[in-house]
Amino acid sequence: MQLGVFIPIGNNGWLISTTSPQYKPSFDLNKTIVQKAEGFGFDFALSMIKFHGFGGPSQFWDYNLESFTLMSGLAAVTNRIQLFATCAVLTMPPPLAARMAVTIDSISHGRFGVNIISGWQRREYTQMGIWPGSEHYKRRYDYCAEYVTIMKELWGAGHSDFKGDFFKMDDCRCLPMPTAQIPIICAAQSDAGTMYAAKYADYNFCASFGYNAPTGVATSVARLVEANKVTGRDCGALILTMIIADETDEAANAKWEHYKAGTDMEALAYRDEQARDDPTTDIYAQPNRRHILGTNKLPTNQGVLVGSYATVARMLDELSEVPGVRGVMMTFDDFVIGMEQFGTRIMPLLRCRETLREAA
C-alpha cells in the first residue's frame, strides 16, 4: 500500500478546532514535513488549494499558500518522493496548468502530478468574480473531462486542437513535453464523479470512514472498481485519513476528545452553508456523506484513526486489505511530531510495507 501525506498548506492543518495545535502555513514547515516523509520512504505528498477559509474563532483555512508554486519549491529540495499540486479548474485555462506542470516536471525530474478539483465552495470564486453559478454543479465533470483531455493532449503531442462545449483550442502549443507521465488525481465519490475518475484519472480518493472504521471504505472503493470495468482502465483507489497516535489507546483518545471539545462550530456551519447550493442528491457526494457518517459536527473533514502506535498500524493494515485500495494519504494533528511518530513507531509495525522494507 502506498503512503502519502496531505501537507498543511492551510493554517491548522485539518483539525477545525480551537484546542488542536494552532499554526500558520509556511514553505519551511512544509519542507520539513515532506523531507521527513521522503526520509521515511513515503511515496507521495499532495497539497490542496484553497482561496477562502471558513473563519470562526480558529480562522480555519483563512491562511493558505498556493499549491503549484509550493510544490515547485519542494521539488527542488527533494529527490525521490512524488509531488502533487492541486489545480482548481475554474481559476486557470488548461494550457496554462499544463505548462506549469511541465515546468515542475523539469524541476522534479519526472516526479510531478496534478490533482484536479471542480470547485464546490462558491465564496472562493465569487470573491474573484469568476463563479459561474450553481449551474456549474450540473456539468462540473464534463468541464473537468474537457480540461484533462486538453492537458493530456498537450503533454502527449505538444499541441491540441480540441473543440468542446467549454474549451476550443486553435493549434495550442506546449513544448517541451514532460520527461515522464504526469498522473492525474481526483476526489469524486458520486456516481457521475466515480465514472469521471474511472475515465480520466490515475487515482481517485474514495469515500472515507468515520472513527476507527477503516474497512468502511469498502463500498465506495468497490464502486470505483466496477466503474473501472466499464471504462477498461485502472484508476487506483486512495483513502484519506487523519492519524492521532500516542503510546497508548487511552492517551490518543484523550487527545481526540480534547480536540472535539474545541470544535469550531462557527467554521463548520460556514463550510456546510457553502455546500447547500449543490443540488447533488447522491448519498456519496461529499456534503451528503458528511451527514451520513456523522462527521459534519466533528473537527475534521475525513476519517480518523485514533490509538496507540500498534493500534494505528493494525487499522492501516486492515485498510490495505480492502480490495481495490491502492494507497492512503494521511494528515496529523501535529504534522512534525506526527510524521516523526509515524516513521519511527508506526511504520516498523506495518505488515502492508514489509515487502518494501525487505526490498530496501
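F166 sits in the loop that runs between strand 5 (159-160) and strand 6 (172-173), where helices (H or I, at least four residues) and strands (E, at least two) are DSSP runs numbered from the N terminus. The structure is a predicted model, in which local features need pLDDT of at least 70 and side-chain atom pairs count only at pLDDT 80 or more, while totals for chains, interfaces and linings use all residues. Residues are numbered from 1 along each chain as its sequence is written, and side-chain values use heavy atoms, with hydrogens and water left out.

With a relative accessible area of 32%, F166 is partly exposed; buried means under 20% relative accessible area, exposed over 50%, and partly exposed in between (1.4 Å probe, protein chains only). Not counting residues up to four places away in sequence, F166 touches R139, D142, Y143 and E146, contact being defined as heavy atoms within 4.5 Å. The C-alpha atoms of F166 and Y147 are 8.6 Å apart, although 19 residues separate the two along the chain.

## Helix 2 against helix 3

Helix 2 (residues 67-76) packs on helix 3 (residues 94-108) at an angle of about 15 degrees, and their axes lie 8 Å apart. Axes are lines fitted to C-alpha atoms, for helices over the stretch in contact, and angles run from 0 to 180 degrees between N-to-C directions. Helix 2 is therefore roughly parallel to helix 3, given that angles under 35 degrees count as roughly parallel, over 145 as roughly antiparallel, 65 to 115 as roughly perpendicular and the rest as oblique.

On the helix 2 side, F68, M71, S72, A75 and A76 take part, and they meet A97, M100, A101, I104, I107 and S108 of helix 3. The residues of this contact divide into 9 nonpolar, 2 polar and no charged, where Ala, Val, Leu, Ile, Met, Phe, Trp, Tyr, Cys and Pro count as nonpolar, Asp, Glu, Lys and Arg as charged, and the others, Gly among them, as polar.

## Helix 6 against helix 7

The axes of helix 6 and helix 7 come within 9 Å and cross at roughly 55 degrees, and the two helices are therefore oblique to each other. In helix 6, D191, T194, M195, A197, A198 and K199 meet R223, L224, A227, N228, V230 and T231 in helix 7; these residues divide into 6 nonpolar, 3 polar and 3 charged.

T194, which is placed in helix 6, is buried with a relative accessible area of 6%. Leaving aside neighbours within four places in sequence, T194 is in contact with A188, Q189, R223, L224 and A227. E226, by contrast, lies in helix 7 (residues 218-231) and counts as partly exposed at 42% relative accessibility.

## The loops on either side of helix 6

S190 is located in the loop between strand 7 (184-186) and helix 6 (191-200), and S190 is buried, with a relative accessible area of 9%. A polar atom of the S190 side chain lies 3.1 Å from the backbone nitrogen of G193.

D202 is found in the loop between helix 6 and strand 8 (203-205) and counts as buried at 16% relative accessibility. The side chain of D202 reaches the backbone nitrogen of I184 at 2.8 Å. Not counting residues up to four places away in sequence, D202 touches Q181, I182, P183, I184, R233, D234, C235 and G236.

How values were computed
Polar contact = N/O pair within 3.5 Å; in protein donor to acceptor, adjacent residues only side chain to side chain.
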